[in-house]
Amino acid sequence: MLRSVLSLFAGILLLLAACNPVHNWREVRLPNAGLKLLMPCKPDQASRTMPLAGQSVEMQMAGCEAGPALYAISHVALADASKTALALTQWKAAMLSNMRAQGSTPTSKFTLQGASAQPPAIRLAAQGNRQDGSAVAAQAIWFARDAHLYHAVVYAKELSQDEGDTFFSGIEFQ
C-alpha cells in the first residue's frame, strides 16, 4: 500500500514538473522598433541613453531569464544612417569588452528577411567572464534596417549553438 502511494505521489510530481516548463515562449514587441520576436519568458523592458558612433542614442531593451540563461534584445535608432556600420562595430566591441571576452568566433551566417544587406548581419559566439569573475558564454547577433540597429543575445555559463538558433529564429520585422 505504501509503495502504491509513493508511486502515485512520484507520478504527480512528474506531471507537475512537466506542467512547469523552463521556456514559456511568447511573442514580444519592442516599442518603436518595428520588430517582433519570441522570448522564452516574460521580459522586463527598459531604456537608457548611450553614446554610439558619435551620437547619443536611446537604447530600448527587453530581457528575461529562463533556466540558467539570460535572453535579451536591444534596439537603437541613429540620427545619421551613414554611421550604421561603425555603430554596429562599436556595439559588438562594447559587448565583448563588458563580458571580458577571450576572443570570439563567427558562427553560422545570420540572415533576417527585411534586414539591410549592408552592413551585413553579424553572428558570433564568445566566452568570457562576468563582473564577479564567473564564466559566461554568449551567442549574439547584430543587424540593421536603415538607421535602426538591433542586438540580440543569449548569456549562460555554457551554451550550445541550438540555444542561439532557437531564440534568433523567432525574430522578424512587423
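**Reading the model**

Guide: In helix α3, residues 161-168, the buried residues include G164, F167 and F168. Buried means under 20% relative accessible area, exposed over 50%, and partly exposed in between, with a 1.4 Å probe and protein chains only. Helices (H or I, at least four residues) and strands (E, at least two) are DSSP runs numbered from the N terminus. This is a predicted model, in which local features need pLDDT of at least 70 and side-chain atom pairs count only at pLDDT 80 or more, while totals for chains, interfaces and linings use all residues. Residues are numbered from 1 along each chain as its sequence is written, and side-chain values use heavy atoms, leaving out hydrogens and water.

Visitor: Which strands do the buried residues of α3 pack against?

Guide: They pack against β2 (35-39), β5 (69-77), β7 (122-129), β8 (135-145) and β9 (148-156). Contact means heavy atoms within 4.5 Å. Not counting residues up to four places away in sequence, F167 touches W25, L37, L38, M39, Y71, A72, A152, V153 and V154.

Visitor: How should I read a nonpolar core, and which residues touch the most other members in the largest one?

Guide: A nonpolar core is a set of buried Ala, Val, Leu, Ile, Met, Phe, Trp, Tyr and Cys residues joined through side-chain atoms within 4.5 Å. The largest has 27 residues, of which L35, M39, I73, F143, F167 and I171 touch the most other members. At least two residues of this core come from each of β2, β4, β5, β8, β9 and α3, and β9 gives the largest share, four residues. There is also a second, separate core of 25 residues, with M59, A72, M99 and L124 among them.

Visitor: Where is L35 placed, and is L35 buried or exposed?

Guide: L35 belongs to strand β2 and counts as buried, at 0% relative accessibility. Leaving aside neighbours within four places in sequence, its contacts include I73, F143 and I171. The C-alpha atoms of L35 and H75 are separated by 9.3 Å, although these residues are 40 apart along the chain.

Visitor: How many disulfides does the structure hold?

Guide: A disulfide is a covalent bond between the sulfur atoms of two cysteines. The criterion is a pair of cysteine sulfur atoms within 2.5 Å. The structure holds one: C41 and C64, with sulfur atoms 1.9 Å apart. Their link is right-handed, with 85° about the S-S bond. The pair links distant parts of the chain, 23 residues apart, with C41 in the loop between β2 and β3 (44-52) and C64 in strand β4 (residues 55-66). Both cysteines are buried, C41 with a relative accessible area of 10% and C64 at 7%.

Visitor: What is the secondary structure of the whole chain?

Guide: The chain has three helices and 10 strands, and from the N terminus on the elements run α-β-β-β-β-β-α-β-β-β-β-α-β. Of its 174 residues, 40% count as buried.
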